[in-house]
Amino acid sequence: SKNMMQHQQSLEKKLAKLCQHQLEQSSGVSKFYTSMGPNATSSTFGLKTFGYAVNNLPLEEINKEKCQGFIVEDELELNAHANFGCKWSIHLEPINDTCTQLSGMISGPPDTPYEGGKYNLEIVIPDTYPFNPPKVKFLTKIWHPNISSVTGAICLDILKTQWAAAMTLRTVLLSLQALLAAAEPDDPQDAVVAKQYKESFKTFTLTAKHWNNVYAGSPYKVPECDEKVRRLIDMGVEENVARVALSSCSWNLEKATETIFS
């Protein structure tokens, strides 16, 4: 449909902006591993039918032995020119016998506040998949306009009205990485984050980097944020409460203190 074509074009533009290359073109993928068990090959499992059939077996016939150890790891190394490169990964594995519940992971895209972080996802495959989208939420806390900083709920069109049966879980994970690189603050999931993003992008970036370090394991610390969190902890405030208050108050210590103790 026209809407699907427009969405695909929009997604491709985001991905191209991120790495100056179309991710979906085969020339841009240097490594793509698909494995199922120790003797698997790259043809063992088709991502196109993930959650629907494995080796031509209906989903309900997939047992724990077939599912256990199934790991999909996409490692993309894209080079737009000799002096520019970027690298990130996506990861999936089942957590129940029928592969209807999965654990996902995406790494934060380079040249974003999320670089260096690893974000864990909860993925639930409905009975109507692939005709309806999977249910996905972030388990790792993140500061982003389109992802709830409280629940991890995601505002992304392909997880709602723009889903198509031809899409795959790889599409979903890559789309989430694209979302991290190009937020949509006018269609927010978290209004507080979106407001900060639009009114003070510098403060938003600082906050997102801090959360990325604390929750997603990025090595990039933000000392000024750490110090203000420590000062509230010294007042007897629980760490996460202190961080949320400071983040929501754009790191105004006095305002955050008033918010907590009022």
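Student: How many residues does helix H3 have, and how far does H3 reach from its first C-alpha to its last?

Tutor: Happy to start there! Helices (H or I, at least four residues) and strands (E, at least two) are DSSP runs, numbered from the N terminus. The expected span of a helix is 1.5 Å times one less than its number of residues. H3, residues 169-181, has 13 residues and reaches 19 Å, close to the 18 Å expected.

Student: What should I know about the model and its numbering?

Tutor: Residues are numbered from 1 along each chain as its sequence is written, and side-chain values use heavy atoms, with hydrogens and water left out. This is a predicted model: local features need pLDDT of at least 70, side-chain atom pairs count only at pLDDT 80 or more, and totals for chains, interfaces and linings use all residues.

Student: Is H3 mostly covered or mostly uncovered?

Tutor: Buried means under 20% relative accessible area, exposed over 50%, and partly exposed in between (1.4 Å probe, protein chains only). In H3, twelve of the 13 residues are buried, so by that cut-off the helix is mostly covered. Among them are Leu-169, Arg-170 and Gln-177. Across the protein chain, buried residues make up 49% of the 262 residues.

Student: Which residue caps the N-terminal end of H3?

Tutor: A polar contact is a pair of N or O atoms within 3.5 Å; within protein, one must be able to donate a hydrogen and the other to accept it, and residues adjacent in sequence count only if both atoms are side-chain atoms. Here Thr-168 is the cap, with a side-chain oxygen 3.3 Å from the backbone nitrogen of Arg-170. At the start of H8, a side-chain oxygen of Asn-252 comes within 3.2 Å of the backbone nitrogen of Glu-254.

Student: In which sense do strands S6 and S7 pair?

Tutor: Two strands pair if DSSP finds at least two bridges between them. S6 (residues 101-107) and S7 (residues 118-124) are antiparallel, with seven bridges. One of the bridges joins Ile-106 to Tyr-119 in S7.
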